[in-house]
Amino acid sequence: MSTFGEDLIQSLSEALAHAKGEGPAIVHAPMAPREVRKQAKLTQAQMAPLMGMSLSGYRKWEQGTRRVSGPAATLLRIIEKEPEAVRRALLSS
């Protein structure tokens with residue numbers, strides 16, 4: 001069997017275990033982008049570039065028509081705790 005096939009079988013096994021409530025899956029609480037932005041005292045136009053996205057894409061998060069997941073949720077958590085650190089990191093590039 002190919003490596004791809006083995007990876008696919010492994011992924012499906014992990015998904016099945018997660019669906020059964022087993023396994024090491026990590027589930028994060030949903031993020032509220034609007035609350036993070038307000039806490040950081042930013043406008044939508046200021047927040048979108050911090051997230052590396054367009055203003056319209058960011059607005060879809062706040063309107064609930066698009067879901068926050070993966071690395072974006074992690075970045076929101078960092079902005080929630082240390083907004084100035086994110087600004088400094090992005091301005092230094």
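Start with Gln44, which, leaving aside its neighbours within four places in sequence, is in contact with Arg37, Leu55, Tyr58, Arg59 and Glu62. Contact here means heavy atoms within 4.5 Å. Before going on, a word on the source: this is a predicted model, where local features need pLDDT of at least 70, side-chain atom pairs count only at pLDDT 80 or more, and totals for chains, interfaces and linings use all residues. Residues are numbered from 1 along each chain as its sequence is written, and side-chain values use heavy atoms, with hydrogens and water left out.

Back to Gln44, whose place is in helix 3. Helices (H or I, at least four residues) and strands (E, at least two) are DSSP runs, numbered from the N terminus. The side chain of Gln44 makes a polar contact with the side chain of Arg59, at 2.8 Å. A polar contact is a pair of N or O atoms within 3.5 Å; within protein, one must be able to donate a hydrogen and the other to accept it, and residues adjacent in sequence count only if both atoms are side-chain atoms.

Now the helix pair. Which residues of helix 3 meet helix 4? They are Gln44, Ala45, Met47, Ala48 and Met51, and on the side of helix 4 they meet Leu55, Tyr58, Arg59, Trp61 and Glu62. By class, this contact of helix 3 with helix 4 has seven nonpolar, one polar and two charged residues. Ala, Val, Leu, Ile, Met, Phe, Trp, Tyr, Cys and Pro count as nonpolar, Asp, Glu, Lys and Arg as charged, and the others, Gly among them, as polar.

The axes of helix 3 (residues 44-51) and helix 4 (residues 55-63) come within 9 Å and cross at roughly 105°. Axes are lines fitted to C-alpha atoms, for helices over the stretch in contact, and angles run from 0 to 180 degrees between N-to-C directions. Helix 3 and helix 4 are therefore roughly perpendicular to each other, a label that covers 65 to 115 degrees.

Next, Arg37, which is found in helix 2. Is Arg37 buried or exposed? Arg37 is buried, with a relative accessible area of 11%. Buried means under 20% relative accessible area, exposed over 50%, partly exposed in between (1.4 Å probe, protein chains only). The side chain of Arg37 makes a polar contact with the side chain of Glu62, at 2.5 Å. Beyond four places in sequence, the contacts of Arg37 include Leu42, Thr43 and Met47.

Two loops are worth a look. Lys41 lies in the loop between helix 2 (33-39) and helix 3, and is exposed at 72% relative accessible area. Phi of Lys41 is near 60°, a positive value in a residue other than glycine. Most residues other than glycine have a negative phi. Val68, in the loop between helix 4 and helix 5 (70-81), is buried at 15%. Not counting residues up to four places away in sequence, Val68 touches Pro33, Trp61, Ala73 and Leu76.

Last, the whole chain. The secondary structure comes to six helices and zero strands. The radius of gyration, taken over C-alpha atoms, is 17 Å, well over the 12 Å that the globule rule gives for 93 residues, so the chain is more spread out than a compact globule. That rule is 2.2 Å times the number of residues to the power 0.38. Buried residues make up 26% of the 93 residues.

Terms used. Angles under 35 degrees count as roughly parallel, over 145 as roughly antiparallel, 65 to 115 as roughly perpendicular and the rest as oblique.
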